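Colleague: I would like a close look at a single part of this model. Please keep the account plain and connected.

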Amino acid sequence: MASGASSFASAPRELSYISFLSSYPHPAFVLAISNLTVHGGGSLNPVFANPALRSLLLGPRGGTAELETAFADSLSNAKQAYDFTNWAFMNTSGLTTSSSTTLLIQLSLAWLPKDSLPVELELTRTILDDFIVCTSVPRTELPRYTPSQSTSTSPLVRPGRPTKIPNFPLRRQAVEFS
């Protein structure tokens, strides 16, 4: 694909690394180099996120919700966001303020209790075409959303028993019309 030749909306189906990232077991995502914010810096909103990142950031909504600003919102503080932006975008524009090949970030996940420890990921980036491809290696255990037992079954439904609704006719009765 020629540099800047197409939008990323059609690119995921065309780029071979998307299938790799989709099956990558740890959080991974793609940022668009050309996706600049009004302040001139790169956007922290991924244009692609693999299922592992979606599950990590969104927890119970990982399969259905839009990622939107969940990645930027999960960075533990403004310094993390600044460091990440410098690391990810600065070398793409010819500025070389960050020469590190990896970056350790801490994510505070909105779906976990407030007193939970942040999740640490070590990120590696690769620039392909007009995109920054980031893969990660967890440096702490990744939390996984599991529905609690109380919410997984309705109090009206008991496993192994038929459900009966009070005053609901069990047999079909003939209805007479006059």
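Which residues of helix 5 are buried?

Modeller: The model is predicted, and what follows is computed from it. In helix 5, the buried residues are Gln-80, Phe-84, Thr-85, Asn-86, Trp-87, Ala-88 and Phe-89. The helix itself runs over residues 78–89, twelve residues in total. From first C-alpha to last it reaches 16 Å, close to the 16 Å expected at 1.5 Å a residue. Its N-terminal end is capped by Asn-77, which places a side-chain oxygen 3.1 Å from the backbone nitrogen of Lys-79.

As for what surrounds the helix, its buried residues pack against strand 1 (28–32), helix 4 (70–74), strand 3 (102–107), strand 4 (119–128) and strand 5 (131–138). Phe-84 also belongs to the largest nonpolar core, a set of 28 residues. Phe-84 is listed there with Phe-29, Leu-57, Phe-71, Ile-105, Leu-107 and Leu-121 as the residues with the most contacts inside that core. Two or more residues each come from strand 1, helix 3 (51–58), helix 4, helix 5, strand 3, strand 4 and strand 5. Apart from this core lies another, of ten residues, including Ala-28, Ala-32, Phe-48 and Phe-131.

How values were computed
Residues are numbered from 1 along each chain as its sequence is written. This is a predicted model: local features need pLDDT of at least 70, side-chain atom pairs count only at pLDDT 80 or more; totals for chains, interfaces and linings use all residues. Side-chain values use heavy atoms; hydrogens and water are left out. Helices (H or I, at least four residues) and strands (E, at least two) are DSSP runs, numbered from the N terminus. The expected span of a helix is 1.5 Å times one less than its number of residues. Buried means under 20% relative accessible area, exposed over 50%, partly exposed in between (1.4 Å probe, protein chains only). Contact means heavy atoms within 4.5 Å. A polar contact is a pair of N or O atoms within 3.5 Å; within protein, one must be able to donate a hydrogen and the other to accept it, and residues adjacent in sequence count only if both atoms are side-chain atoms. A nonpolar core is a set of buried Ala, Val, Leu, Ile, Met, Phe, Trp, Tyr and Cys residues joined through side-chain atoms within 4.5 Å.
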